[in-house]
Amino acid sequence: MRARAIALIAPLLIGAAPSPELVPDVSERAIEIRYSFTGAELLLFGAIVYPGGRRPREQVDIAVVLKGPTESIVLREKRKVAGIWVNADSTRFRSAPGYYAVASSRPIREMIDDRTAAIYELGLDNIQMSPASGAEIGDQRRFQAGLVDLRRRTGLYLEDPRGVEISEGVLYRARIRIPARVPVGKYTAETFLIEDGQVVAAAVRPVDIDKSGFERFVTIAAQRWSVVYGLSAVAMSLVLGWAGAALFRRRGT
Amino acid sequence: MDIYLPIAGLSVNMLVIVGMGVVVGLLSGLFGVGGGFLTTPLLIFYGIPPAVAVASASTQVTGASVSGVFAHMRRGGVDFRMGAVLVVGGILGAGLGAVLFRLLQASGQIDTVIGLIYVLLLGTIGGMMANESIRAILAIRRGQAPRHGMRRHNPLIAALPMRWRFYRSGLYISPLAPLLLGIATGVLTVLLGVGGGFVIVPAMIYLLGMATSVVVGTSLFQILFVTAATTMIHATTTRAVDIVLGMLLLLGSVTGAQIGAHFAQRIKPEWLRLMLALIVLAVALRMALGLGWRPEEIYTVQPA
């Protein structure tokens with residue numbers, strides 16, 4: 001939804017001059033999580049189409065963002081109370097993305113000013129998480145920084161300031177690493193073309209990340225048929241335990 | 001050998017998980033504890049989300065105890081009457097524990113409470129067992145006949161109304177005592193993801209004064225039913241039971257349990273108790289340090 005809004009706004013921001021267009025694609029439209037899934041690498045690539053086929057003299061920049069489904073979370077902060085670390089303060093974010101990766105051809109700060117970066121949610125500091133109202137601005141910042149740091153270390157949030165390669169000013173490509181503990185859902189791959197500190201074109205492609213085969217079946221079973229699932233878990237442990245005992249008794253005597 | 005766990009939502013090394021199962025199974029067969037007090041912290045330490053670790057550990061304890069129960073039943077080491085009373089108490093306790101778990105989770109203090117209970121419980125029981133077993137070992141060294149724990153008849157338990165005969169345990173006591181004990185372990189099973197064997201075994205020996213030959217078998221019998229009930233509670237409420245994780249742990253632990261049960265008959269019981277005491281104390285110490293040390297993660301995420 002938001003991506004579509006960007007696509008509409010982008011041409012308006014630069015006036016009536018004919019603007020270049022982006023033709024983006026992703027290496028995989030759907031990533032399947034199977035038993036041996038240890039993460040994946042997604043290639044975001046495409047071409048910049050200039051009006052009249054003329055390439056600008058100045059250097060253009062590209063930023064790509066791969067963003068996972070957002071969820072409402074409670075973030076708790078530990079503090080030392082009477083010698084032990086306990087959860088003291090907490091805050092709520094209504095739309096924290098489960099995964100967020102941004103790659104650009106130059107560091108974001110060098111390409112655009114902070115305001116523009118905030119509008120397009122470019123960069124780990126600019127993710128719009130809708131913190132619950134009531135919290136102080138300073139607290140919100142601290143919590144958001146804490147969440148970004150936490151998820152950055154687990155590979156769920158990442159920023160690669162030199163991750164986009166532009167060849168001949170026309171073709172671009174970026175590799176983005178997806179860790180094994182990535183949340184499933186509908187992802188969006190957004191591409192931004194940046195010229196003179198302005199976003200002049202934007203395009204978006206959907207990417208689906210979902211469990212498949214046995215893993216998918218287990219997840220659905222646990223959610224929808226929880227009683228049957230629980231019974232089969234118990235049955236499995238009884239059978240395995242009993243089989244082990246029977247096996248060893250035969251070998252023992 | 002990486003394998004993806006569908007409910008935990010991450011990949012793990014299969015051999016590491018099976019290895020954990022073997023170690024835990026060994027303890028289970030040796031001491032009659034489910035080994036959950038070791039599984040849950042190990043899984044969390046390995047990076048499995050705590051809710052999944054607690055829920056899946058209970059499936060593993062079920063499986064590990066089933067082979068243990070069979071092994072002990074063959075040598076007549078299960079008091080079924082005592083076991084049945086404990087199971088009824090345990091299931092009542094599990095229901096109570098589920099309510100407590102939800103309340104604590106909502107207030108955000110579940111981790112701290114779990115940590116504190118672990119330290120207090122394991123520290124006290126480990127200390128008591130170590131003390132008692134060292135005395136017993138020294139007494140035997142000096143050539144005295146091994147004494148039977150503390151007092152054979154606890155005045156508090158003798159004061160309870162109604163009396164049943166528990167033949168195999170060699171007891172004539174009120175069934176309310178094992179029922180209350182069962183309730184306490186049921187709460188612990190849900191809250192801590194443990195079978196509660198490390199509570200029930202010392203309590204059977206020191207509080208109830210049961211004949212030691214049926215203690216391990218009967219506690220495994222109780223653990224078997226209560227952990228099965230707990231798995232059902234988790235599957236229908238938290239939905240955090242990972243069947244693949246449970247299976248990997250089980251593959252290791254059924255093997256370990258058999259080896260453990262085999263060794264248990266060769267090692268002198270007082271040495272067994274000392275070994276268990278030391279392991280319990282080590283886990284308590286580790287948990288205590290964990291509470292005081294600055295945690296690696298200051299922030300934790302919880303879906304809302």
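## Contact between the chains

The contact takes 46 residues from chain B and 47 residues from chain A, two residues being in contact if their C-beta atoms, placed from the backbone, lie within 7 Å. This is a predicted model, in which local features need pLDDT of at least 70 and side-chain atom pairs count only at pLDDT 80 or more, while totals for chains, interfaces and linings use all residues. Residues are numbered from 1 along each chain as its sequence is written, and chains are lettered from A in the order in which they are written.

Among the elements of chain B that give two or more residues to the side touching chain A are α9 (212-236), α10 (243-264), α11 (269-292) and β5; helices (H or I, at least four residues) and strands (E, at least two) are DSSP runs, numbered from the N terminus.

## A sheet across both chains

An open, antiparallel sheet of 3 strands runs in the order β6(A)-β5(A)-β5(B), where two strands pair if DSSP finds at least two bridges between them. Because β6 (84-97) of chain A and β5 (299-303) of chain B stand at the edges, each with a single partner strand, one side of each is left without a neighbour in the sheet.

Strand β5 (residues 70-81) of chain A pairs with β5(B) in the antiparallel sense over 5 bridges; A:Arg76 stands opposite B:Thr300, and A:Glu77 stands opposite B:Tyr299.

## Helix α4 of chain B

Helix α4 (residues 80-107) of chain B has 28 residues and reaches 40 Å from its first C-alpha to its last. This helix is followed by B:Gly108, whose phi is positive, near 80°.

Definitions and conventions. Expected span 1.5 Å × (residues − 1).
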